[in-house]
Amino acid sequence: MRYINLDVRFSYEDMDLSQKVAPLLFEVFISNAFKYVKTESGYIHIRLYSDEDNAIYFTCENSIGRKSPDISSTKSGIYNVTQRLHLIYPNKHDLKIEETGDVFRVSLIIRN
């Protein structure tokens, strides 16, 4: 059995818990973070909060490890969630996905 040193943090602040979002909307980003995280001293940081205008802010950032040969990426999960956002929250969301160096970051804002 192999153990890894992984720093996982989840924070939610100032959330209006009566707000609703589409089911499993964040799941693709979180599962991708675990799939591609750097396994030696890697990290996954997830943050969820809302503001006074009831906009929902979600960020998921992870260190990127080397992709193993058995992991194939079709990016279909990200494509599908992007299409869902356009259908469910037209002109009410901002999605930013960036990969810089060894960091992968997703930022999503949903305005109600």
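The numbered points below comment on the structure of a predicted protein model.

1. Overall arrangement. The protein contains 2 helices and 5 strands. Read from the N terminus, these elements follow the order β-α-β-β-α-β-β. Of the contacts with a separation of 6 or more, 66% are between residues 24 or more positions apart.

2. Surface and interior. The protein has 112 residues, and 29% of them are buried. Its accessible surface is about 7600 Å², and carbon and sulfur atoms account for 53% of that area.

3. In soluble globular proteins, nonpolar side chains tend to be buried together. In this model, the largest nonpolar core comprises 22 residues, and Leu25, Phe26, Phe58 and Leu108 have the most contacts inside it. At least two residues of this core come from each of H1, E2 (40–50), E3, H2 and E5 (103–110). The largest contribution is that of E5, with 4 residues.

4. Phe26 within the core. Beyond the residues up to four places away in sequence, Phe26 touches Val21, Leu48, Ile56, Phe58 and Leu108. Two of these partners, Phe58 and Leu108, are themselves named with Phe26 among the core residues that have the most contacts.

5. Asn62, a buried residue of strand E3. Asn62 belongs to E3, which spans residues 56–63. Its relative accessible area is 2%, and a residue counts as buried under 20%, so Asn62 is buried. Apart from its neighbours within four places in sequence, Asn62 is in contact with Ala33, Tyr36, Val37, Tyr43, Ile44, Asp102, Val103 and Phe104.

6. His93 in strand E4. His93 lies in E4, which covers residues 93–100. Is His93 buried or exposed? With 12% relative accessibility, His93 counts as buried. A polar atom of its side chain is 2.8 Å from the backbone oxygen of Tyr89. When residues up to four places away in sequence are set aside, His93 touches Leu85, His86, Leu108, Ile109, Ile110 and Arg111.

7. The salt bridge between Glu13 and Arg47. The whole structure has 5 salt bridges. In one of them, the side chains of Glu13 and Arg47 meet at 2.8 Å, N to O. This pair connects distant parts of the chain, since Glu13 is in strand E1 and Arg47 is in strand E2, 34 residues apart. Glu13 is partly exposed at 29% relative accessibility, and Arg47 is partly exposed at 34%.

8. The salt bridge between Arg111 and Asp94. The side chains of Arg111 and Asp94 also form a salt bridge, at 2.6 Å, N to O. Arg111 is partly exposed, with a relative accessible area of 31%, and Asp94 is partly exposed at 39%. Arg111 is also one of the residues touched by His93.

9. Glu98 and Arg105 meet through their side chains in a salt bridge of 3.3 Å, N to O. Glu98 counts as partly exposed at 24% relative accessibility, and Arg105 counts as partly exposed at 26%.

10. Phe10, Tyr12 and Leu17 make a nonpolar surface patch of about 400 Å². Tyr12 is in strand E1, residues 5–13, whereas Leu17 is in the loop between E1 and H1. Tyr12 has 53% relative accessibility, and a residue counts as exposed over 50%, so Tyr12 is exposed. Leu17 is likewise exposed, with a relative accessible area of 71%. The C-alpha atoms of Leu17 and Ser50 are 9.5 Å apart, although these residues are separated by 33 residues along the chain.

11. Two residues with positive phi. Most residues other than glycine have a negative phi. Leu24 is not a glycine, yet it has a positive phi of about 60 degrees. Asn91, also not a glycine, has a positive phi of about 60 degrees. Leu24 is in the loop between E1 and helix H1 (27–36), while Asn91 is in the loop between helix H2 (76–88) and E4. Leu24 is exposed at 62% relative accessibility, and Asn91 is exposed at 75%.

Definitions and conventions:
Residues are numbered from 1 along each chain as its sequence is written. This is a predicted model: local features need pLDDT of at least 70, side-chain atom pairs count only at pLDDT 80 or more; totals for chains, interfaces and linings use all residues. Side-chain values use heavy atoms; hydrogens and water are left out. Buried means under 20% relative accessible area, exposed over 50%, partly exposed in between (1.4 Å probe, protein chains only). A polar contact is a pair of N or O atoms within 3.5 Å; within protein, one must be able to donate a hydrogen and the other to accept it, and residues adjacent in sequence count only if both atoms are side-chain atoms. Contact means heavy atoms within 4.5 Å. Patches are made of residues with over 30% relative accessible area and no salt bridge: like charges are joined within 9 Å, nonpolar side chains (Val, Leu, Ile, Met, Phe, Trp, Tyr) within 5 Å. Accessible areas come from the Shrake-Rupley method with a 1.4 Å probe; for residues, only the protein chains shown count as cover. A salt bridge is a side-chain nitrogen of Lys or Arg within 4 Å of a carboxyl oxygen of Asp or Glu. A nonpolar core is a set of buried Ala, Val, Leu, Ile, Met, Phe, Trp, Tyr and Cys residues joined through side-chain atoms within 4.5 Å.
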